[in-house]
Amino acid sequence: MDLKSGYPFWAIRNGLMHAFPRLEQDLDCEIAVIGGGISGALIADELAAHGHEVAVLEQRDIAWGSTAASTALLQYEIDTHLIELSQRFGERNAALAYRACAAAVERLGEVAAELRDVDFRRQRSLYYASRSSHLPLLREEAALRARHGLALRWLEADELAADYGLRAPGAMLSECAAAVDPYRMTSRLLARLRRRGGQVYDRTCVEHLQAKSRGVELRTADGMRVRAGHVVVAAGYAGQRWIDQPLARNRSSYAFVTDPLHEDELQALRATMVWESARPYLYLRSTGDGRLVVGGCDDAIDLPARRDRRVQSRANRLVRQVQQRFERLHLQPAFAWAGTFAETADGLPWFGAHAQYGPRVLFAMAYGGNGITYSMIGAGLLRARIERRAHPLARLFSFERSPR
């Protein structure tokens, strides 16, 4: 699956961090994880840390799929408002999902601290109203979040102009957010997994999957056989190929990164990610070396050839959109790229077993704008499933969920 276009910054910045072997013989393991991106790495790390024998199989080089194109905003805020989720699934379930995302941001910080040097930084999240007509909904959203213990404060237009140089009618400012280098974090997680006795294979494409009553058998493109007690399919957007039903809508999303900016130009943006209420939304976040990552301009349909052609023109459009909101910012893209982006109808991920395969094949489909946050939740949820324990989000994030 063609997942990205242009020059994703993380791979250019880091290069090939670790060399992993191709699988060249049959393998028996307790749990096989298909996918060596950030989702697979977080899940494999969680399982191995709790005593499970894990083997990771990645068809490309490690972290070279959609992880390399991720802009890695770590947020508790789901693309679907808490108000809308409450209407769909009940206020209790919706608030549980939001609070779980907040806890996941904290947990990602703990994992990053163990790894070190993955450019993990705490951030604020500024969510502004794109239009004055959006203000009533955002004020109602802010009140509902506050009622469920999600700390934030409201900023009026004059405060936004003074503090951020932002032209917008109002915004919610939350303290719970972060940013990370997803390529670096994935590589470090999987290198640590190998040091601790886990197995990691890249350039190993799984072509066939057969679930049996007492295990799962995989076949690779090179003819190797893998027998596992459980399989976790954490193949990102390519994971949809394994299930015979539509699960999410693929889009193309575009981004660019600047050269390092002076602190006088970044100001509050150094510690604050910014996004908006319009859909698709414009967003900005900084890196540890003072660059700005800007993203948005999503296409409604993901067509790789068209995406390839549009990288530079969409980067230029993003520059203009930033300029309209932040008059003092004069940005020049250093590297621009695009990638496949998928979202579910309700903004929630899919984690767990699917009726097509039975209980030994588990899926991790962390789709949406906060996919890495979802993956952190999914790591614990899938471990609970394998260990036959209950998890509070198992139903809401399952393939069986249904609106009330």
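User: Between which two strands is the loop that holds Arg203?
Analyst: This is a predicted model, where local features need pLDDT of at least 70, side-chain atom pairs count only at pLDDT 80 or more, and totals for chains, interfaces and linings use all residues. Residues are numbered from 1 along each chain as its sequence is written, and side-chain values use heavy atoms, with hydrogens and water left out. Helices (H or I, at least four residues) and strands (E, at least two) are DSSP runs, numbered from the N terminus. The Arg203 loop lies between strand S8 (199-201) and strand S9 (206-212).

User: What is the relative accessible area of Arg203?
Analyst: Buried means under 20% relative accessible area, exposed over 50%, and partly exposed in between (1.4 Å probe, protein chains only). Arg203 is not a glycine, yet its phi is positive, about 50°. The residue counts as partly exposed because its relative accessible area is 33%.

User: Ala63 is another residue other than glycine with a positive phi. Is Ala63 buried or exposed?
Analyst: Most residues other than glycine have a negative phi. Ala63 has a phi near 70°. It sits in the loop between strand S3 (54-57) and helix H3 (66-69). Its relative accessible area is 1%, so Ala63 is buried.

User: What is the omega of the peptide bond that joins Arg279 and Pro280?
Analyst: Pro280 belongs to the loop between strand S13 (272-276) and strand S14 (283-286). Most peptide bonds are trans. The bond from Arg279 to Pro280 is cis, with omega about -5°.

User: Which residues of helix H4 are buried, and what arc do they cover around the axis?
Analyst: H4 spans residues 82-89, and its buried residues are Leu82, Ile83, Leu85, Ser86 and Phe89. The arc is that of the directions from the helix axis to the C-beta atoms. These residues lie on the same side of H4 because their arc is only 165°.

User: Which residues is Leu135 in contact with, leaving aside its neighbours within four places in sequence?
Analyst: Leu135 lies in helix H6. It is buried because its relative accessible area is 15%. Its C-alpha atom is 7.5 Å from that of Pro169, 34 residues away along the chain. With neighbours within four places set aside, its contacts are Ala129, Trp154, Pro169 and Gly170.

User: Where is Leu331, and which residues does it contact beyond four places in sequence?
Analyst: Leu331 is in the loop between helix H10 (304-325) and strand S16 (333-343). It counts as buried, because its relative accessibility is 9%. Leaving aside neighbours within four places, its contacts are Phe256, Thr258, Leu261, Leu292, Val294, Val319 and Val322.

User: Which residues does Val319 touch, not counting those up to four places away in sequence?
Analyst: Val319 is in helix H10. At 18% relative accessibility, it therefore counts as buried. Not counting residues up to four places away, Val319 touches Phe256, Leu331 and Pro333.

User: What distance separates the C-alpha atoms of Arg309 and Asp2?
Analyst: Arg309 lies in helix H10. It counts as exposed because its relative accessibility is 64%. Arg309 and Asp2 are 307 residues apart along the chain, and their C-alpha atoms are separated by 14 Å.

User: What radius of gyration does the chain have?
Analyst: The radius is taken over C-alpha atoms, and the globule rule is 2.2 Å times the number of residues to the power 0.38. The C-alpha trace spans about 65 × 45 × 40 Å along its principal axes. A compact globule of 404 residues would have a radius near 22 Å, which means agreement with the chain's value of 21 Å.

User: Of the contacts between residues at least 6 apart in sequence, what percentage join residues at least 24 apart?
Analyst: The chain has eleven helices and 18 strands. Of its 404 residues, 62% count as buried. Among contacts between residues at least 6 apart, the share joining residues at least 24 apart is 77%.

Terms used: Contact = heavy atoms within 4.5 Å.
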